[in-house]
Every structure is written in structure tokens, then in C-alpha cells.
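Reader: Please take one part of this model and describe closely how it is packed. I would like the cut-offs behind each term to be stated.

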Amino acid sequence: MADIDVRIEEFDVVIVGAGGAGLAAAIETGGSKLKTAVVSEVYPTRSHTVSAQGGINAALANMDEDYWIWHMYDTVKGGDYIGDQDAMEFFTKNAPKTIIELEHWGMPFSRIENGKAYQRAFGGQTRNFGESLAHRAVACSDRSGHAMLHTLFERTLHQDIAPYVSYYSEYYALELLMDKEERRPIGIVAWDMVNGGIHIFFSYAVIFATGGNTRNFRTNTNAHVNTGIGWTMCLKAGIAIKDPEFIQFHPTGIYGVGNLITEGVRGEGGYLLNAKGERFMKTYAPHVLDLASRDVVSRGMAMEVLEGRGVGPKKDHCLLKLDHLGHDFIMDKLPGIWELAYKFVGVDCTKDPIPVQPTAHYHMGGIPTNVDAEVVDWDGEKEVPIPGLYAAGECACASVHGGNRLGCNSLLDLVVTGKQAGRNCARWIIEEKPVFPNPPEEFIADKYAKGIIDRIKGYYEGGEGTVSMDAIWEDLRDTMQENVSVFRIEEKIAAQVKKLDEYEKQFKEVGLTDKGLTFNTELAEIFDLESLLYVSRVETEAALARKESRGAHSRDDYPERDDENWMKHTFTKIDENGKVEIEYVPVRTKPLTAPTFQPKKRVY
Ligand SMILES: Cc1cc2nc3c(=O)[nH]c(=O)nc-3n(C[C@H](O)[C@H](O)[C@H](O)COP(=O)(O)OP(=O)(O)OC[C@H]3O[C@@H](n4cnc5c(N)ncnc54)[C@H](O)[C@@H]3O)c2cc1C
């Protein structure tokens, strides 16, 4: 084949990912007149944020008395006390003004009669430190993510921002370029999916906003692009992933397909039933029933199935009943849900219950950051920021969600941490005036992208491979679902570690059958699978190592939370030989101004 085309560009900032977090960051860097490249595998408004349904939490007190400190308490408790309380304070305190800003940018929130934004109840959200349920989530019907993503995208087109923001849509990011001596990023390498060819972006700073990565599970809610490339780029560059064992299983994925039915259904009064028609959540969360946090509800459902009270011929799922809310209410507040249930399982939810099962949904862990959204290393004693490297949104871990995220806290996270990343990045470039990485032209392709160019060339010039990529991927999804699921146990997790050894060996035998340069989705899928193998590796090994149950990490063999030994974060790296190294890092228990919320038994 002809040589692979290599193009080089220079920007002040490169943002990888154009979902809510990437766009919030671009609004800040572009608004600070920094030349910003936003690199995304899909057109920005196709990012997974578009599919968020339920809403965004903020203590606006539009419907009942509310304060950010109550929101913070719920977030600390929901995260099972492993969240970093400085970040949690910043996050919940900034929520109301974030929503008002989104509203000023044109986000069309659902309203109540006095004109203020409507707020719905959501799991784990309470008033007065757990006393009663709170109505805290603002929403745009059940299409909140759609409205938010379009609002943010439009904002980047504002006349003061647009001249500074360049979109590189349908570019597949592959590698983070680091100056190893100074340990700072100098740009990224991406694959131009439309034309084929390598694009090297040099920049002062890089912001990761690559979203979630549950495509390694059989049943999941995530978009096809959610394959964890941000984690993988960091792992390959020697940067840790924090708390990868905390994977959220959302209670109500549509049975058999995984698509999400928002918790907002339960927030509006829907509830779960077992095969006997019993409202079983009264056993697991006697006070708030179906509005307990997601880990608690998912475990309740799994218990019903394990004890033989599951629904259907296989007795393997539950039912979500909402017809009692009434046809008109459902069509007004939950029209997207009606459509999803009708299209995917042929259920008219104004008449019949929706079959549901827990589905892999979200990562609490991610690229480790401090409250300023700077990516950090752990030096054995303290967190040390890597100058010029930032991360925000679902791929990052500040950690504002601890061991279990509360519903409607993620959309908030995107805007709060996205803006933090963009703002602090702009401040660093403008105030610290770092030197632009400027390697001589002739060295560039050789020094910075040789490995990846050779690898891609190898695929084009090599054979069609002896192992099918599909077969590995399909098996990976089944075994992750089986072994690293809602309930975990030593022997199964250890079996998954062995499975991953096999997959990694097999992956080396995968080849490219489509040798075209234009939109070679097979090449993209090879990198997707590689990334999911990295993701699965850190998730599985961190899950094996954590010998307690906390938040979404539930070990049958260690059923209790163990604060004495395990109230600490996992920092997981992969060395050059593919071996996982784990270090443990203390939780930042001291908030910025609020008193510390001390660990307590978590009951709902
Ligand atoms: C179905 C569903 C419903 C949800 N509902 C809610 C809700 O109601 N409330 C709430 O708070 N949270 C909700 N969540 C969670 C929340 O929506 C997500 O956590 C959040 O949208 C993630 O946003 P992000 O900006 O971090 O990433 P995303 O929106 O996922 O964007 C990731 C970006 O990274 C880019 N990217 C990925 N790989 C590559 C690559 N290789 N090269 C280049 N670019 C790449 C993609 O193109 C994309 O632009 C929901 C999630 C799902 C899946």
C-alpha cells in the first residue's frame, strides 16, 4: 500500500470527546480565545449525552425547600463514603448556578405553573439529611440529555467562541503524546476516519472527555462509541485509572436489550414488581422503596431472581409498572420511555408493565483528577497534578460519585467538571505561559507516531488474521456479564482474569479484512476492542483486589463495607508487559468549607 498520509496541526488545546463534558470545556477554552481542537469519533450531537433522559440535580428549591448541603450529603452517602468530599462540595454548591446558566443559554426546561423549572424526585435524593424525598432533578421532559447537548453545542457556535473552536468530527483518537522528561502532554495522535490517515495534533494542553465504557458487558445502556479510549490512552501513557471496580448497574434496562428506562419513571411514581406481583423493594429499602440508590435497587432485583421470584419463562427479570400514572401524564412527562418500550419490546406502558433487568450503565471511576479537573499522579504521599492534562465527565474521576453515582448527578458532573477543566486549562496557559512543544518537523512522524503508524501499516499490509475479532468481543461481553457483575465472588473474578489473558493472546492474531481507507469501521473496531480489553483488565483486577462490599462493588465473599481497611481509592496502572500495578490512595475526606460527613451505615 501507499504510505499512510500524516498531517500535523497545532492548537493551544486539544479536547478529546464532544459530549457534554467536552463541549462545556470548549466553551471555556474557546471563550478564553484559545485555539481549541475538539476531536470526536462522532458528530458532537451524536455523543452519548444525547440519550440521557431523566434530568439534572440542583438544589434550586423550586418545588420544596432545598440546600446544596443536603445534595452534598446525599451524594456522599450515595457514593458509600469513598467519594472525595472537596470535589463533592464544589460540585453540589455549583449546581444551581450551572442550571441557571444553561437556562440562559436556552435549555428548554419543563416548567411548573409559576414559570420556574419543574423538578422531579430521583433515587437517593432527600431533604434534611435523609428525612424525606427531595424533588431536585430539573428535566426537559424525558429528553434532558438531548436538550443539554444541543444547548452546549449551540453555545460553542456563539460569535465570541466559534472563531476559536474547530471540530474534528469522525476522527478516532489513538494516542496521548507525552514529553516523558517533563511529564506533560504535548498533543494526541488521531486517525481520520473519513479519508484514512494519521493526524498529529500538537498543543499546550489536552483535555479528556471521552465518556463511558460499558460496551464490554452483554447488557448495557451505552452508545457504540463508549469503548473507553480515554482510559486506554492514559493507561498506555503510564497514567493510572482510579476506582475502575466501581461499575454501576442501572436497575431498569429493557429486558434482553439493555436500553435504559429512566429512574425518572420511579421518581414519578412507577414501581417494580416480582413474578408474584409483589412490590419487593419494601424488603430492601423500607423507607424509600423504589427510590433507593441504584446499587441497592439492582441488588434487590438480583436477589428476587436468585430466590426464584423472577418473571418470565426463565424467571430472570422483573416488571416496571407505570400504567397507573395515566396515559396523559406518561405522554407529557415520559414520552421517550413510551416509545422505547413500544419499539424494543412491543409493550404499551400506558397499559402494561415493562420487563426490566439491571444493565451495565456507568463508571464511577476514571482518569484521576483533583477538584480543579487536573489529572494527577500519586507520588506515594500526595496527588501531583500533571501540568497541561485535564479530564472531565464520565471518563474522569474527581471523585464526585464515590462508589455509586446518584441518578441525575452525571449530567451535572459534565458541565461542572467540563467547565472546571476548560477554565483551569485556559488559566494555566494564559498565566503560566508554558513553552509550546515544538519538535523539529523531520522528527515528528518518527519520534511521535512511529509506533502507531507502523501498527496501522501492519494491519493494511498484513493478512486477514487467524482469529475473529467478533468472536473475542462477543465472548468478552458474556464473561464480563457473568463474572464481574452485580454480585461478585473471588473465584469468578479470578476466572475472568484468566479469560482476559486468553483474549489478549487471541487479539494479537486479529487481522484486517477490509483494506479500504475510507470509513474503515473494521479498523476502528479493532481499536475499540483493544481498548475494552484494557478497560476490562483494570476493572477485573481492581475488583479482585478490593475485599469488601461498597457502593456498586458487591462481593458475596466480603459482604460488609470495611472502612478500617478499604476506605481508600484504587489507582490502577498497566506496565509495559501488560501487568497490572495497584496502589491505594487516601480518600479526600475534608470538604472545602463544609464539615466532613463521617461514614455511617447506609440505609434507605
Ligand atoms: C441511556 C443513558 C441515559 C442517561 N441518563 C442520565 C440522566 O438522565 N441524568 C444524568 O445525570 N446522567 C444520565 N446518564 C449518564 C450521562 O448521560 C453520561 O454519563 C454522560 O452523558 C457522559 O457524557 P460525557 O461528555 O462524559 O461523554 P459522552 O457524551 O459519552 O461523549 C463522549 C465523547 O467521546 C468521543 N469519543 C469516544 N471515543 C473516541 C475516540 N476513540 N476518538 C475520538 N473521540 C472519541 C465521542 O465521540 C463523544 O463525543 C445517562 C446515560 C445513558 C447511557
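Author: A residue is called buried under 20% relative accessible area, exposed over 50% and partly exposed in between, with a 1.4 Å probe and protein chains only. A helix here is a DSSP run of H or I of at least four residues, numbered from the N terminus. The model is predicted, and local features therefore need pLDDT of at least 70 and side-chain atom pairs pLDDT 80 or more, whereas totals for chains, interfaces and linings use all residues. Residues are numbered from 1 along each chain as its sequence is written, and side-chain values use heavy atoms, without hydrogens and water.

By these criteria helix 6 (residues 229-236) is largely enclosed by the rest of the structure, because 7 of its 8 residues are buried. The buried residues of helix 6 are I229, G230, W231, T232, M233, C234 and L235. After helix 6 comes G238, with a positive phi near 85°.

Two packed helices are described by the angle between their axes and the distance between the axes. The axes are lines fitted to C-alpha atoms over the stretch in contact, and the angles run from 0 to 180 degrees between N-to-C directions.

Helix 15 (residues 490-507) packs on helix 16 (residues 521-545) at about 155°, and their axes are 10 Å apart. Helix 15 is therefore roughly antiparallel to helix 16, a term for angles over 145 degrees, while those under 35 count as roughly parallel, 65 to 115 as roughly perpendicular and the rest as oblique. Helix 15 crosses helix 16 in a left-handed sense, that is, with the near helix turned anticlockwise from the far one by less than a right angle. Residues in contact (heavy atoms within 4.5 Å) include I493, V497, L500 and F507 of helix 15 and L529, L533, R537 and L544 of helix 16. By class, this contact of helix 15 with helix 16 holds 11 nonpolar, 3 polar and 6 charged residues.

Helix 14 (residues 469-483) also packs on helix 16, at about 30° and with the axes 11 Å apart. That angle makes helix 14 roughly parallel to helix 16, and their crossing is left-handed. Helix 14 contributes M469, I472, W473, L476 and M480 to the contact, and helix 16 contributes residues including I526, L529, L532, L533 and S536. The contact of helix 14 with helix 16 comprises 9 nonpolar, 2 polar and 4 charged residues.

Beyond four places in sequence, the contacts of W191 include I4, Y172, I456, Y460, L517 and L523.

Technical notes
Helices (H or I, at least four residues) and strands (E, at least two) are DSSP runs, numbered from the N terminus. Ala, Val, Leu, Ile, Met, Phe, Trp, Tyr, Cys and Pro count as nonpolar, Asp, Glu, Lys and Arg as charged, and the others, Gly among them, as polar.
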